Amino acid sequence: MWHPWAKSTVRIHTASPNKNFSCSSFKDIQHLCKDETEAQIPKKSSIFHRVRIATAVLRSWSAQAAQQEESYEASALEEPLTPSEPLISIPGAETRIVVYFTSLRVVRSTFEDCRAVRSILRGFRVSMDERDLAMDSGFLEELQGILGQTKLTLPRVFIGGRYIGGAEEIKHLNEIGELKQFIEGLPAEEAGVCEMCGGYRFILCHECNGSHKCYSEKDETVGFRSCTGCNENGLVRCPSCSSMPV
């Protein structure tokens, strides 16, 4: 016969529940673990914040570059520009401008530079000696002897007998206003055009009449010979408006 059930006298101690903890399901446990993990990882700055920082840095760099460029230009304007070439001069040309150029259009850039430089210098209305290498090849030999160079670019400018430079130097001096300082003191050009050559600075040779050939019967040599009184084009420099060769 079975014994009747009786209440057990053994007491089971259970831990008291935490008042602050409440979990109704397993999903709540996952949610709590996720919050703790996210709290430990530092939050990254947003993409808009990084774009703003990059833009500010670029603006500061551009401002510094602009300030440096302005200071460089200011220092360049304050310091007088001196020709980069060594001091070279033409004897007897202290009272005028001497320009070696070409009127040929074979090389367009050279022709444009020569025309631009002549236009700038003519604007000052001072005495100017224009020496066209296309009219007389002797000007090339003359210029090579002055500069001590065989390969030359045109134009080449001398002011007051002093060598200044080529097209780039003349244009730059004119832009910054210092070309006028080199030309100050030179005599003004004479009004009108030369009546003898019409402003071309060359006339026909009187010995060969511009043919560069003369008939000779001297020294048992009968026939034509090259005229020694003119250049290869049968021209001589105008004695009225052109200066003597160096």
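**Close-up views of a predicted model**

**View 1. Here's the whole protein and its surface.** About 18800 Å² of the protein is accessible surface, and carbon and sulfur atoms supply 54% of that area. Keep in mind that this is a predicted model. The protein has 246 residues, and 28% of them count as buried. What does the secondary structure come to? You'll find six helices and eight strands. Walk along the sequence and the pattern reads α-α-β-α-β-α-β-β-α-α-β-β-β-β.

**View 2. Zoom in on a nonpolar surface patch.** Which residues make the patch? They are I53, V57, L58 and W61, and the nonpolar patch they make is about 410 Å². Pick out I53, which is found in helix α2, a helix running over residues 47-78. Is I53 buried or partly exposed? With a relative accessible area of 45%, I53 is partly exposed, because that label goes to values between 20% and 50%.

**View 3. Let's check how long helix α3 is.** Helix α3 takes in residues 108-122, which makes 15 residues. At 1.5 Å a residue, α3 should span 21 Å.

**View 4. Now turn to the two sides of helix α3.** The buried residues in α3 are F111, C114, V117, R118 and L121. They cover an arc of only 135 degrees around the axis, so they lie on the same side of α3. What about the other side of α3? There, R108 and S119 are exposed.

**View 5. See what covers the buried residues of α3.** Which elements provide the cover? Three strands are among them: β1 (97-101), β2 (128-132) and β3 (156-159). The cover also includes two helices, α5 (167-176) and α6 (179-183).

View 6. S109 is found in helix α3. Its relative accessible area is 46%, so S109 counts as partly exposed. Along the chain, S109 and L154 are 45 residues apart. How far apart are their C-alpha atoms in the model? The separation is 9.9 Å.

Terms used. Residues numbered from 1 in each chain as written. Predicted model: local features only at pLDDT ≥ 70, side-chain atom pairs only at ≥ 80, totals over all residues. Heavy atoms only, no water. Patch = residues over 30% accessible without salt bridge, like charges linked within 9 Å, V, L, I, M, F, W, Y side chains within 5 Å. Areas by Shrake-Rupley, 256 points an atom, 1.4 Å probe, with all protein chains shown as cover. Salt bridge = Lys/Arg side-chain N within 4 Å of Asp/Glu carboxyl O. Helix = DSSP H or I, 4+ residues; strand = E, 2+ residues; numbered from the N terminus. Buried < 20%, exposed > 50% of the residue type's maximum accessible area, 1.4 Å probe, protein only. Expected span 1.5 Å × (residues − 1). Arc of directions from axis to C-beta. Contact = heavy atoms within 4.5 Å.
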